[in-house]
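Thank you all for making the time this morning. I would like to walk through one structure with you, going from the overall fold to a handful of individual residues.

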Amino acid sequence: MTALTNTPTWQKLASLAEDVKQQHMRDWFASDSSRAKKYQQTACGIELDFSKNLITDDVMKALFSLAGESQVTQKRDAMFKGDIINHTEQRAVLHTALRNFSGQPVYVDGQDVMPEVLACQEKIKDFVASIHSGERKGYTGKALTQIVSIGIGGSFLGPKIMSEALKPYWFDGVTVHFVANVDACHIQDVLADLDHEETLVVMSSKSFTTQETLQNTLTAKDWFLQAGGTQQDIAKHFIAVSSNIKAATDFGMAEDNIFPMWDWVGGRYSLWSAIGLPIALTMGYDNYRQLLEGAYAMDEHFKTAPPEQNLPMLSALLGVWYINFFGAQSHVLLPYYHYLRGFPAYVQQLDMESNGKNISGDTTQVDYATGPIIWGSEGTNGQHSFHQLIHQGTLLIPADFMLPLNVPNQDNTHHAMLASNCFGQTQALMQGKTFDECYADLEGKGLDEAERVKLATHKTMPGNKPSNTLLFEQMDPKTLGSLVAMYEHKVFVQGAIWGVNSFDQWGVELGKELGNQVLDKIVNTDTALSFDSSTNALIARFRQANA
Ligand SMILES: O=P(O)(O)OC[C@H]1O[C@H](O)[C@H](O)[C@@H](O)[C@@H]1O
């Protein structure tokens, strides 16, 4: 056993889990009318009801002990302070510096990074104003109203999903299109409808080496040149966000058109940097700034609130409870808000790329589960498809339900239905429906005894399925910023407990490396194939089909 699973606290949690499995939440609610009040916390515009979880006071106490023994707060402070906590890449992890409005310095290698961060924010602000006012024009003098944002992974998901989530705040006058996939269908579809004279391409790549983004930008450049632009007009229509200024200038980007970022910002934590420029272009700098302010508010909450009131801490510990002591392998996110429909995909990268790891500390192979599968989609749609498995399947799938209490241009009839479905689902998951209830319902339905028993058996819902409900006054930029930061810190706390490095991604790197080797064989059709027989056969088949 590794140190973690050997601790008395871990053993205690394991034994508490065995007890809890014999009990039912339905009975807890019936016997304690204050349960909802007891297990809820509010911070930064987020009201977290976690009463529909398989928890007791003893469980929570043991989970807080686990966090304490795992030195979560010390690790948190090390992150905020700029220590090199990404120890396999020798990097600080400072996305929090990008939304640090405390006026205090943040040091990396003895140097305060805040002046550069603030200068970049000013650059974003000025740039957005120049586009929105029409002052910055294309090479033929037309306003730049069509923005094509090219990037992938963290250089795509954050900008796209946050922009989508804040549709009611969009600036009227520019349209932002996002392209990620190297599949040409994507960029071709986007460019097909655009006038190159009105188009601004924002190429976002921290490394400036990502195949998909480089290729899509080259395709956009060809399209621009073929449509009538010249090489020297490129500067007016192409800008980049990157920490690799040299590669960006080598590519042909004018230095003035490059927005900086830094190696202490991880890709999946980068929307707070200039990678978020498309968000600011979509809704104006002030709204973008509110997003950052919301994240800052959550940072302060995470740093100062005691564990029992700390939203990232609570949600992380509940996750650990199910993953490590109930064998839960996935966690579902269910936003009951159409504009937040992309949020599960955002958290998917954030969580799975961060905690999809099996080495703890320097070299220890873990003997416990780490990051779960994150999935989900908007409610109510999922109720008519995959919720069935959550209700009656054999897997335990903890859920986060999310609902803004007010929505812009509210249609009360729709919104009441949305809310009732959201709450109704959490209720059904928690209480289930007993055999006796189902059997009673079938009285007088003309069934013989065997049929009645059979049907009641199939209709029985075990219940006892855990969920959190997150309510927001409204999904405005500030609340969204807080929500994203809450999940970032949740992932941080879980990584700290498991002892994994939540900030590297070697699996992804290997995929990129092998992809390039295979591409070489696909393109150079006369070279011998030297991979395993399956990969060789696939490449050979592709060569044959494209000969
Ligand atoms: O911004 P880039 O350097 O182009 O990287 C884009 C993406 O590349 C990889 O897939 C990483 O795992 C992601 O975290 C990153 O966001």
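Let me begin with a cysteine, Cys120, which is buried, since its relative accessible area is 5%. Please keep in mind as we go that what you see is a predicted model. How many disulfides does the model contain? With a cut-off of 2.5 Å between cysteine sulfur atoms, the count comes to zero.

Now to the chain as a whole. The protein has 23 helices and 15 strands, and its radius of gyration is 26 Å, close to the 24 Å that the globule rule gives for 547 residues, so the protein is as compact as a globular protein of that length. Taken along the principal axes, the box filled by the C-alpha atoms is roughly 80 × 60 × 60 Å. If we take the contacts between residues at least 6 apart in sequence, 75% of them join residues at least 24 apart. As for charge, there are 41 positive and 61 negative charges, and their mean positions are 2 Å apart.

Let me turn to particular positions, starting with Asn216, which lies in helix α10, residues 211–226. Is this asparagine buried or exposed? At 2% relative accessibility Asn216 counts as buried, because the threshold for that class is under 20%. Leaving aside its neighbours within four places in sequence, Asn216 is in contact with Ile150, Val179, Ala180, Asn181, Val182 and Ile187.

Phe178 sits in strand β6, which covers residues 175–179, and at 12% relative accessibility this phenylalanine also counts as buried. Beyond the neighbours within four places in sequence, its contacts include Phe156, Pro159, Lys160, His186, Val190 and Pro278. Along the chain Phe178 and Ile152 are 26 residues apart, and their C-alpha atoms are separated by 9.4 Å.

Trp506, by contrast, counts as partly exposed, at 46% relative accessibility, and is placed in helix α22, residues 506–523. Which residues does Trp506 touch, not counting those up to four places away in sequence? They are Thr88 and Glu89. Between the C-alpha atoms of Trp506 and Ala456, which are 50 residues apart along the chain, the separation is 50 Å.

I will finish with the backbone. Most residues other than glycine have a negative phi, and most peptide bonds are trans. With that in mind, the peptide bond from Gly379 to Thr380 is cis, with omega near 15°, and Thr380 is placed in the loop between β13 (373–376) and α17 (387–392). Cys44 has a positive phi, near 50°, and is found in the loop between β1 (40–43) and β2 (46–49). Gln71 has a positive phi as well, near 60°; this glutamine is found in the loop between α5 (57–69) and α6 (72–81) and, at 40% relative accessibility, counts as partly exposed.

Definitions and conventions: Residues numbered from 1 in each chain as written. Predicted model: local features only at pLDDT ≥ 70, side-chain atom pairs only at ≥ 80, totals over all residues. Heavy atoms only, no water. Helix = DSSP H or I, 4+ residues; strand = E, 2+ residues; numbered from the N terminus. Rg over C-alpha atoms; globule rule 2.2 N^0.38 Å. Contact = heavy atoms within 4.5 Å. Lys, Arg positive; Asp, Glu negative; His and termini not counted. Charge placed at Lys NZ, Arg CZ, Asp CG, Glu CD. Buried < 20%, exposed > 50% of the residue type's maximum accessible area, 1.4 Å probe, protein only.
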